[in-house]
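Have the sequence and the model open side by side for this one.

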Amino acid sequence: GDYARAVKDLELSARLGRYDSRPLVSLAAAYSYLGQRDKMMDALRRAQKRSPDAYHVKSSLATIFFDQQQYDSALVYAEKAIHEQTTYALGYYYAGYSAYRLGNLTKAKTYLAKVIELAPNTAQGAQAADILSKLP
């Protein structure tokens, strides 16, 4: 899509909706796609400040950090998201894969097994099964 235009529209939405963190989360995603990490992090901080306990902020943070291969941060926010939404299969995948990449195999096994339980017929379920089959 046209992320530059989206950024302009989302900035306006964020200014107008001073108590709604969703435009800021979307803005962060747009900046992420544009490769503007500093602006992405600023938008995420603003979203978290507006709605520190909102599930959608935590799950979006997990997704963005995972996409950026920042597995330590992805794990933190994925764990927060799955604590609130225990059926969030993608969150378990982010947590499990991030733990795997960070070398925490105990957490990786637990979370990846949960992905297979919740979403066995998805791409993430297949990837989780593949990773688990290779772990000791």
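**A walk through the helices**

H6 and H7 are roughly antiparallel to each other, a label used for angles over 145 degrees, with under 35 called roughly parallel, 65 to 115 roughly perpendicular and the rest oblique. Helices here are DSSP runs (H or I, at least four residues), numbered from the N terminus. This is a predicted model, with local features needing pLDDT of at least 70 and side-chain atom pairs counting only at pLDDT 80 or more, while totals for chains, interfaces and linings use all residues. Residues are numbered from 1 along each chain as its sequence is written, and side-chain values use heavy atoms, with hydrogens and water left out.

Back to that pair. Two packed helices are described by the angle between their axes and the distance between the axes. For H6 (residues 89-102) and H7 (residues 105-118), the angle is about 155° and the axes are 7 Å apart. The axes are lines fitted to C-alpha atoms, for helices over the stretch in contact, and angles run from 0 to 180 degrees between N-to-C directions. H6 passes H7 in a left-handed crossing, meaning that the near helix is turned anticlockwise from the far one by less than a right angle (clockwise would be right-handed). On the H6 side the contact (heavy atoms within 4.5 Å) includes Tyr-92, Ala-95 and Gly-96, and on the H7 side the residues include Ala-108, Tyr-111 and Leu-112. By class, this contact has 13 nonpolar, one polar and two charged residues. Ala, Val, Leu, Ile, Met, Phe, Trp, Tyr, Cys and Pro count as nonpolar, Asp, Glu, Lys and Arg as charged, and the others, Gly among them, as polar.

Now zoom in on Tyr-111, which is found in helix H7. Is Tyr-111 buried or exposed? At 15% relative accessibility, Tyr-111 counts as buried; the cut-offs are under 20% relative accessible area for buried, over 50% for exposed and partly exposed in between (1.4 Å probe, protein chains only). Leaving aside neighbours within four places in sequence, Tyr-111 is in contact with Tyr-92, Ala-95 and Gly-96, and also with Leu-75, Glu-79 and Ile-82. Tyr-111 and Ala-4 are 107 residues apart in sequence, and their C-alpha atoms are 36 Å apart in space.

Next comes H5 (residues 71-84), whose 14 residues should span 20 Å at 1.5 Å a residue, and the end C-alpha atoms agree, sitting 20 Å apart. That expected span is 1.5 Å times one less than the number of residues. Among the buried residues of H5 are Leu-75, Ala-78 and Ile-82, and their cover includes H3, H4, H6 and H7. The axes of H4 and H5 come within 8 Å and cross at roughly 150°, so this pair is roughly antiparallel too. H4 also passes H5 in a left-handed crossing. Phe-65 and Phe-66 of H4 are among the residues making the contact, as are Tyr-71 and Tyr-77 of H5.

Finally, look at H2 (residues 22-34). Its 13 residues should span 18 Å, and the 19 Å between its end C-alpha atoms agrees. The buried residues of H2 include Pro-23, Leu-27 and Tyr-31, and what covers them includes H1 (3-16), H3 (37-50) and H4 (55-67). Not counting residues up to four places away in sequence, Ser-32 touches Met-40, Ile-64 and Gln-68. Just after H2, Gly-35 takes a positive phi of about 75°.

How values were computed. Helix = DSSP H or I, 4+ residues; strand = E, 2+ residues; numbered from the N terminus.
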